[in-house]
Amino acid sequence: MSANSRLTIAAHALAWIGLYQRQGHDVATSEQIADSANTNPVVIRRLLGQLRDAGLVESRRGAGAGWRLKRELEDMTLLDVYEAVEPSPLFSMHHAPPNQGCVVGAGIQPALRGVYDSIEKALRAELAQTTLAEVLRSTLAAR
């Protein structure tokens, strides 16, 4: 099972667009962002579409097409990004109800639900404390 990288790639895209705009550019293309993230532009376009739906970026079509921030990096948190690109809870229960005639099947979901809820709450609290401006500053400092 591989780890989900949507949050990481979305944060990368936002930080890249923010830096690009600070350098005086108006819009960034998905190809430029994909080159930085070393991924396919289609992946970037899908994530940017979700970020647009969440009000974090906007797109321009036609001549000079591309993406730009709709909010400043200082006004976006990793929680904003997480909520935009991760529509499901971090953990989920069985796809089909477990066997209620089995002692483990009958009790596993209630046993795990509280743990999963606590993890999700802690994750959200941590992500809410970090802005994309801080991510960009840390990224540039790591060079």
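Tutor: Helices (H or I, at least four residues) and strands (E, at least two) are DSSP runs, numbered from the N terminus. The model discussed here is predicted: local features need pLDDT of at least 70, side-chain atom pairs count only at pLDDT 80 or more, and totals for chains, interfaces and linings use all residues. Residues are numbered from 1 along each chain as its sequence is written, and side-chain values use heavy atoms, with hydrogens and water left out.

Student: In what order do the elements of the protein chain run from the N terminus on?

Tutor: The protein chain has 6 helices and 2 strands. From the N terminus on, the elements run α-α-α-β-β-α-α-α.

Student: Why does the protein chain count as more spread out than a compact globule?

Tutor: The C-alpha trace spans about 65 × 30 × 25 Å along its principal axes. The globule rule is 2.2 Å times the number of residues to the power 0.38, and the radius of gyration is taken over C-alpha atoms. The elements run α-α-α-β-β-α-α-α. For 143 residues the rule gives 15 Å, so the chain is more spread out than a compact globule, with a radius of gyration well over that value, at 19 Å.

Student: What percentage of the 143 residues counts as buried?

Tutor: Buried means under 20% relative accessible area, exposed over 50%, and partly exposed in between (1.4 Å probe, protein chains only). Of the 143 residues of the protein chain, the buried share is 32%.

Student: Among contacts between residues at least 6 apart in sequence, what percentage joins residues at least 24 apart?

Tutor: Contact means heavy atoms within 4.5 Å. In the protein chain, the share of such contacts that join residues at least 24 apart is 63%.

Student: How are H1 and H4 oriented to each other?

Tutor: Axes are lines fitted to C-alpha atoms, for helices over the stretch in contact, and angles run from 0 to 180 degrees between N-to-C directions. Angles under 35 degrees count as roughly parallel, over 145 as roughly antiparallel, 65 to 115 as roughly perpendicular and the rest as oblique. H1 (residues 6-22) and H4 (residues 78-85) pack at about 125 degrees, with their axes 9 Å apart. The two helices are therefore oblique.

Student: By class, which residues make up the contact of H1 with H4?

Tutor: Arg 6, Leu 7, Ala 10, Ala 11 and Leu 14 of H1 make the contact with Leu 78, Val 81, Tyr 82 and Val 85 of H4. Ala, Val, Leu, Ile, Met, Phe, Trp, Tyr, Cys and Pro count as nonpolar, Asp, Glu, Lys and Arg as charged, and the others, Gly among them, as polar. By class, the contact has 8 nonpolar, no polar and 1 charged residues.

Student: Is Val 85 buried or exposed?

Tutor: Val 85 lies in helix H4. Leaving aside neighbours within four places in sequence, Val 85 is in contact with Arg 6, Leu 7, Ala 10, Leu 47, Gln 50 and Leu 51. With a relative accessible area of 0%, Val 85 is buried.

Student: How are H2 and H3 oriented to each other?

Tutor: H2 (residues 30-37) and H3 (residues 41-53) pack at an angle of about 110 degrees, with their axes 8 Å apart. Ser 30, Glu 31, Ile 33, Ala 34 and Ala 37 in H2 meet Pro 41, Ile 44, Arg 45 and Leu 48 in H3. By class, this contact has 6 nonpolar, 1 polar and 2 charged residues. H2 and H3 are therefore roughly perpendicular.

Student: How is H4 placed relative to H5?

Tutor: Leu 78, Leu 79, Tyr 82 and Glu 83 in H4 meet Glu 120, Leu 123, Arg 124, Leu 127 and Ala 128 in H5. By class, the contact has 6 nonpolar, no polar and 3 charged residues. The axes of H4 and H5 come within 6 Å and cross at roughly 125 degrees. That makes the placement of H4 relative to H5 oblique.

Student: How far apart in space are Leu 90 and Tyr 116, C-alpha to C-alpha?

Tutor: Leu 90 is found in the loop between H4 and H5 (103-128), and counts as partly exposed at 42% relative accessibility. Not counting residues up to four places away in sequence, Leu 90 touches Tyr 82, Ile 119, Glu 120 and Leu 123. Leu 90 and Tyr 116 are 26 residues apart in sequence, and their C-alpha to C-alpha distance is 8.0 Å.
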